[in-house]
Amino acid sequence: MRATDHVGPFGDVEGQLLVGGIPLDRLCERVGSTPFFAYDRAQISSRVAEVREALPERVALGYAVKANPMPAVVQHLAGLVDHLDVASAGELAVALDTGQQPTGISFAGPGKTDSELRRAVAAGVTVEVESRTELQRLIRAGKELTLRPRAAVRVNPPFAVKGSGMRMGGGPQQFGVDSEVVPSLLGEVAEHDVDILGFHVFAGSQNLSAAIIEEAQQRTVELVLELAQHVRGTVSYVNLGGGFGIPYFSKDQRLDLSAVGRRLTSLLDGQLVPALPEATVVIELGRYLIGEAGVYICRVVDVKESRGRSYAVVDGGLHHQLAASGNFGQVIRRNYPMILGNRVTDAPGGPVTVVGSLCTPLDVLGEQVDLPRVEVGDFVVVFQAGAYGFTASPTAFLSHPAPAEVLV
Ligand SMILES: *Cc1c(COP(=O)(O)O)cnc(C)c1O
């Protein structure tokens, strides 16, 4: 996809990008300062509707809060999805504040502290245990509070998912309990100490291939059915993960969501539901629900030439939007889609390198980007900034102010 292809869902008027129907120059006045992140409420809603349309009706749709934990965003999504997945006590507090039922919240992540486990047990959410010792500590927390913890075992599968931007399963991992150890682990726990509801398998993220996602889901369901035989009670929870990717780079093709949905329907109807009829099947998505609905907006502070190369220096940078600089998990640095948000319809004016204001050569937002002729005061808009933007950036680096965030 080209950068200008990303304008479509936002819209534009008189050369200004629209976010939530508001022209960028006016939105900027409303926010009061640049840089800022803006998330388009209507786009979030329509994305959830698309996903619901494509996935089997019986799937409980989950939002992985770590993709974007802004409370207003989580509140908006809580009203649209069935499930929230959190990965810290801080995210748990945001999720509970939305009014989401605790039975519709799961808590994953390695290194949960005793205090986090106690808070999760007291809240009544499902703890996705990542190790034997964590399960033991969870049981202890339950005894101390005289509450029976709700738990699922996060399983590190025997397979890896190819083509994932970030691999989180297969081989040795800090995530989950190795699948071959799960039967003995389940054999050790006394039923009255903890309620083992089922399993969670999340093997990787940012996958754009329907075929690979389908294969991962197939193998995950087979694994879960095998492990389910070792659960004493009823399996009521099967979290199949997600990993649906979004197109960041010009060569990326959109994920064929309807293909994933069709295949999942036959997988559930044919295999999972007959064997585990009482299980709630969760698909948890982060970036797919929020990534494309967000933009990062900064203002051009300086335009300069250096030995034949044009530079636009903006008032933001990698301290707010690390991923666009190529330093958040990318192997090869490629440009995120970006435009001049106040010159949406202007013709290209030749390549310009967009750099942030940090005193480090790492702070490149776009290398040799084909933008209209840039002037001081213009708005640089980075697309695909709704997930892992502000939340995944080293905000303290170089002591600039934090960016604002708005849900429009
Ligand atoms: C990060 C994470 C997700 C979300 O991943 P996306 O790529 O944003 O969809 C889902 N589940 C778990 C357990 C995670 O850690």
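1. Helices (H or I, at least four residues) and strands (E, at least two) are DSSP runs, numbered from the N terminus. The model is a predicted one, in which local features need pLDDT of at least 70 and side-chain atom pairs count only at pLDDT 80 or more, while totals for chains, interfaces and linings use all residues. Residues are numbered from 1 along each chain as its sequence is written, and side-chain values use heavy atoms, with hydrogens and water left out.

2. On a 1 Å grid over the protein atoms alone, a cavity is a set of points where a 1.4 Å probe fits but cannot get out, whereas a pocket is an open set with protein on both sides within 12 Å along at least five of seven lines; lining residues have an atom within 4 Å of a point. The search of the whole structure finds one cavity of 30 Å³ or more, and the volume of the largest cavity is about 140 Å³.

3. Of the 15 residues that line the largest cavity, Val161, Ala203, Gly204, Ala216 and Gly242 lie nearest its centre. Helix H8 (210-228) and strand S14 (237-242) each give at least two residues to this lining, and H8 has the largest share, with four residues. The lining of the largest cavity holds seven nonpolar, eight polar and no charged residues, where Gly is counted among the polar ones.

4. The largest pocket contains about 490 Å³ of space, and its lining is made up of 28 residues, with Ala64, Lys66, Met168, Phe202 and Tyr388 nearest its centre. Two or more residues of that lining come from each of strand S6 (83-86), strand S10 (166-167), strand S15 (280-285) and helix H10 (287-290). By class, the pocket lining has 15 nonpolar, six polar and seven charged residues.

5. Where does the ligand lie? The space that the ligand takes is the largest pocket, and the residues around the ligand (those with a heavy atom within 4 Å of it) include His200, Ser205, Gln206, Leu285 and Arg287. This shell divides into five nonpolar, four polar and three charged residues.

6. Among the polar contacts (pairs of N or O atoms within 3.5 Å), a polar side-chain atom of Glu284 is 2.6 Å from a nitrogen atom of the ligand. A polar backbone atom of Gly286 lies 2.9 Å from an oxygen atom of the ligand, and a polar side-chain atom of Tyr388 is 2.6 Å from an oxygen atom of the ligand. Taken alone the ligand exposes 390 Å², of which the protein buries 96%, with accessible areas taken from the Shrake-Rupley method with a 1.4 Å probe.

Conventions: Polar contact = N/O pair within 3.5 Å; in protein donor to acceptor, adjacent residues only side chain to side chain. Sits in = over half its atoms within 2 Å of the grid points. Points joined across faces, edges and corners; volume = space filled by probe spheres on them.
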